[in-house]
Amino acid sequence: MIGSGVRSDTSRRYTPVPVLVTFFLWLTRGNSVTWLQALLSLLLLQIAWGAWIAWKAKPAAEKHFPIFACIAGMFWLAYGVPLFWSRAESWRFSGGFVTPQGIVRAQLLALLGVASIYAGMHLGAGRRLRRMPTLHLRDSRSSAKLLVAMMLMGTVVRYFPSAVLVFGASLKQVLVILVNIVPLIAYAIMLRRSLMRPVPGYERAMLVLFVATTFLTGLSTGWIGTGATIIMVTGCVVIDARHSVPKAAIVAVFAYVLFLQPAKEEFRANTWYSSNPSGGDVSRAANWLRMSRDAWESALVNSDTNALRLQIYSSMNRFSLLQPTANVVDLTPAIIPHQGWKMYTYMATTLIPRVIWRDKPTVNDANRLYQVLYGITSERGLDGVSISVGVLAESYISFGWFGAAVVMMFIGLVFDCLGALMLSRSSGVLMKGVGFALLPGFVALESQMSQYLGGVVQNVCLSILILLPVAQVTRARLPQRRFARRPVRAVVPSASSPLGSPTVISK
């Protein structure tokens, strides 16, 4: 009876949310969806939800950051939601519409990818890394002031984008990390400090200023990802500090993307391609907000349900990888052969500094190879656009089903190692800051391998080198297991026994 009660309680926690969400998507779908496709989408969501519930059930001492739950959730967003919410033209490629069989195979490939990542993360590679010494933040006023200065530097330099070219193209990547990644690390560290203990007023003021200027920069330059990144980092810090999902952060990310996406192309046309863009950052940001408001008001005031649905689908297509992956599995290897290691050679070049190899290939070359092979873009149009298909589809393009499983298992192994070093309970505050700053790049599944993991080594090494003045090496503090104290037992001879057999007496 007890066992059946536990099983029923577990099922009530694990199954209702995925089923209800999938049923809602089914009712609001804009495409023809088969029961098999809907079931595969439900399985993707079930894996992500189950991983989150399992993490919530763990004791606090064992709650390392739930990387797998985040990755699985992004797989569902990229391969599950677009099945129901997507525009009709998004299913069409140069050779025609993707086939229903291709959609099913793309979903099966996504399930294989999630399972392989899970297997790679449970090979045990990260266990020993959690026992290694880690980097903590020096507990001093000078450390806090230096972090505030780093955030301020990132805020100021954003308004002078040409500053990253001061020392030429050979040191551009170093300055990009110094301007973009390091201030984000400082923000994550300072935010976590403010959640864990009282901090001076100037630190809180700097946090607010950094968030405001980050949003302003993204809105004025036409990049949605800039603001979405700061929301994601904030949510990850809250999850780690409070052990609860920040629902406000999740809603904010989707609302931010949904609101701005419909007017993005119009704003970029008026700003990027205009010979004389008018106004400063505040004016351009306000212009994008006004365009987005007008687009949504037009659909709502006119009660145009179809226009409203198309705007939502247009926004959700930003996360979608289902259509391009279905196109890939339709054409590979029937028409386009597997490419082997060709697309992964670009990842190795990222480890070579541009100071040594000035004309080394860029990470976009792997994207361009995909664009040309599958007829997405002509060779003449490569300079104007860069489209990626995602690390999962890239692995299938290269090696097929078996190769995709091996590649994704390797990525899971990397996640386990990085999580052990930077996102576990034993990680130092400084290392956690690095992990939180890099996490948005890990969950961005649309990147290909050269961009997905190629720059991780550079970002981690340079960031730690820059932050060494405020770091100190400490031994990892792992939670100690508590054992129940056993009763002390004394052995005395029994007087009633003729053989004098011993009697055990507990004290």
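Student: Leaving aside its neighbours within four places in sequence, which residues is Phe75 in contact with?
Tutor: In this predicted model, Phe75 touches Leu44, Gly80, Ala110, Val114, Ile117, Leu392, Met408 and Leu445, where contact means heavy atoms within 4.5 Å. Local features need pLDDT of at least 70, side-chain atom pairs count only at pLDDT 80 or more, and totals for chains, interfaces and linings use all residues. Residues are numbered from 1 along each chain as its sequence is written, and side-chain values use heavy atoms, with hydrogens and water left out.

Student: Which residues touch the most other members of the largest nonpolar core?
Tutor: They are Phe75, Tyr79, Tyr187, Ile411, Phe415 and Leu467, in a core of 124 residues. A nonpolar core is a set of buried Ala, Val, Leu, Ile, Met, Phe, Trp, Tyr and Cys residues joined through side-chain atoms within 4.5 Å. Buried means under 20% relative accessible area, exposed over 50%, and partly exposed in between (1.4 Å probe, protein chains only).

Student: And which helix gives the largest share of this core?
Tutor: Helix H18, residues 391–422, contributes 13 residues. Helices (H or I, at least four residues) and strands (E, at least two) are DSSP runs, numbered from the N terminus.

Student: Changing topic, how many aromatic pairs are there?
Tutor: The count is 15. Rings of Phe, Tyr and Trp (its six-membered ring) pair if their centres lie within 6.5 Å; planes under 30 degrees apart count as stacked, over 60 as edge-to-face and the rest as tilted. One of the pairs is Phe215 with Tyr256, edge-to-face at 5.4 Å centre to centre and 75° between the planes.

Student: Which parts does that pair tie together?
Tutor: Phe215 lies in helix H9 (residues 201–221) and Tyr256 in helix H11 (residues 247–260), so the pair joins parts 41 residues apart in sequence. Phe215 is partly exposed at 21% relative accessibility, while Tyr256 is buried at 11%.

Student: What about Trp341 and Phe399?
Tutor: They also form an edge-to-face pair, 5.0 Å centre to centre with 70° between the planes. Trp341 is in the loop between helix H15 (322–331) and helix H16 (345–349), and Phe399 is in helix H18, 58 residues apart.

Student: Is Trp341 buried or exposed?
Tutor: Trp341 is exposed, with a relative accessible area of 64%, and Phe399 is partly exposed at 28%. Ring pairs link Trp341, Tyr344 and Phe399 into a cluster.

Student: Where does the charged end of Arg29 sit?
Tutor: It sits over the ring of Trp26, 4.3 Å from its centre. The rule requires NZ of Lys or CZ of Arg within 6 Å of the ring centre and within 35 degrees of the ring normal.
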